Structures are given as C-alpha cells and as structure tokens.
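Here's a quick briefing on one protein model. Have a look at the sequence and the 3D view, then read on.

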Amino acid sequence: MPLDTSTYSLALLRLDGRRWNELRRMHAQISTQAAADGSSYLEMGNTKVICTVAGPSEGRRGGAGGGAGGGGGDANASVQVEIGIAGFSGVERKRRGRGDKRTSEMQMTIANAFSNALFTHLYPHSTILITLHVLSQDGSLLAACLNAATLALIDAGIPMSDYIVACTSGSTSSNSSNDEAADPLLDLNGLEEQELPFLTVGTLGAGEKVSVLIMESRVQVERVEGLLAVGVDGCKQVKEILDQVVKRHGKKILESIVS
C-alpha cells in the first residue's frame, strides 16, 4: 500500500517522513573483511558502501591502477583512492568506467581529505590504498564514502588527527525561484538531490574545522551560510554515531581477549 504523504506539508515533514534536521537511518560495521588491513560497511539511508584499506605498504605510487592519489612526496605516505560503482547501484543500471569524470573527482576529493588528516609523515616511501565499492545509491554518496573510509582507516590502525565525518545539506527551493522563506534540509536522499540545490560538507571530528566542502548546484549566496551551518551540525551527529560504532567494536575485541 503506498504511503499517504498528504499531511506531510502540514506537519512540516519530508517525503520520507523526516523533519528538516533529521538524519536518515545510519548503520555501520568495522572489520567486515578479514583479508584486508582495515574494512568497513556503511549505510546512510539506502546508500550502501563497502570500504577496504591496504597498507601502509610499498609501491603503487602515482595513481596506478586508475585511482586518484594525494600526498606530499616521498617524505610522506601517498594516499590512493579507487571507487567502483556497481551497475545495479542506481536507477540507470549503467556501469561507470574507470575514466568516469564524476568518479575521478570523488577519488581526488577523498584522497586529498585523508592526506591532510592522516599522519602520513610516519610512513615515508609508502602507499595507503583506500578502495570503495558502492552497492546502492540514494543520495549523499560522497559523504557515505568519506564516513566509510574513516571507519576502515581506524580499523587498519592508521593514526589520524581526528575522524573525517561528512553530511549533506540542501535548500527547499531552487536558485531560480528566489524564495526568501526557503528552509535548509539535512542529509538529502536521491530524489531531493535531483530537485534541490545542496552541498556536501566534511569536518574533522565534532568541531567546526571544515576539511571537505563540495557544492555543484547554483544557489543564492545568502543561503550558503545557513546550508553550511546545518551541514556542520549534521556532521556532529554523524561523529557521535561513528564513535559508538568504534566503541562497540573495541568492546568486542576486549571481551574476546579476556574470554
């Protein structure tokens, strides 16, 4: 039976039943693949991502294998990122090749973000390879990849200054409508991203230091500050969720050692 959304506007709810400042259901796991140095599985709504980390190890420099990399020369480790998007992950049922422009941009963004957050100076002449597999897309794809990579890097034991947590925020009206009463929205799904302007923001931990900020939509400049504030607040909520995931995993490890 289809969901009756006729009263949503009166209750100030969105099409999926959330309020403007609510995150979608988030589920995450660590150490999902024993063969990898670090691994994670993350769901943000219906967006599902698997991440594995290999390294620090020698070799694979300069974006070999079609990935994108970031790093500061031989004195620091090079962070390489590869993203594979399954053909069945979206509505289009189209497989993206390694040369896809959007995928390459996401790889470079993630590599640059973690090159600054990780203590790469501790691993000279080495490479940290982050591999992301997108199983399902329903909005906030870049944010989900960043969050999944953070958990996998923690599982791999690679030191970093703090978590990189990410979220999206959008506006209830487009740039052309010029609606002064437009409200911000937190954590957009796929349908909302197709219709509304939005940005993706990533912060270091629960603070307000922005490490990633991507906006490809056109929006009035007066609304950007509000979108950014809502996105940063969403990142704080994501940080609490990821923190609980890490603590639960650590508790399981301690219980297995003690028993």
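Accessible areas here come from the Shrake-Rupley method with a 1.4 Å probe. Keep in mind that this is a predicted model. With that in hand, the accessible surface of the protein comes to about 13200 Å², and carbon and sulfur atoms hold 52% of that.

**The overall picture**
- The protein has 4 helices and 10 strands.
- Of the 259 residues in the protein, 46% are buried.
- Take the contacts with a separation of 6 or more: 68% of them join residues 24 or more positions apart.

**Helix α1**
- Helix α1 covers residues 101-117, which is 17 residues.
- From first C-alpha to last, α1 reaches 25 Å, close to the expected 24 Å.
- Several residues of α1 are buried, among them M106, I110, F114 and A117.

**Zooming in on C167**
- You'll find C167 in strand β7, which spans residues 164-171.
- C167 counts as buried because its relative accessibility is 0%, and the cut-off for buried is under 20%.
- Beyond its neighbours within four places in sequence, C167 is in contact with residues including L23, A143, L199, G231 and C235.
- C167 and D233 sit 66 residues apart along the chain, yet their C-alpha atoms are separated by 9.0 Å.

**Rings and charges**
- K239 lies over the face of Y163, 4.7 Å from the ring centre.
- As for aromatic pairs, the count comes to 0.

Technical notes:
Residues are numbered from 1 along each chain as its sequence is written. This is a predicted model: local features need pLDDT of at least 70, side-chain atom pairs count only at pLDDT 80 or more; totals for chains, interfaces and linings use all residues. Side-chain values use heavy atoms; hydrogens and water are left out. Rings of Phe, Tyr and Trp (its six-membered ring) pair if their centres lie within 6.5 Å; planes under 30 degrees apart count as stacked, over 60 as edge-to-face and the rest as tilted. A charge sits over a ring if NZ of Lys or CZ of Arg is within 6 Å of the ring centre and within 35 degrees of the ring normal. Helices (H or I, at least four residues) and strands (E, at least two) are DSSP runs, numbered from the N terminus. Buried means under 20% relative accessible area, exposed over 50%, partly exposed in between (1.4 Å probe, protein chains only). Contact means heavy atoms within 4.5 Å. The expected span of a helix is 1.5 Å times one less than its number of residues.
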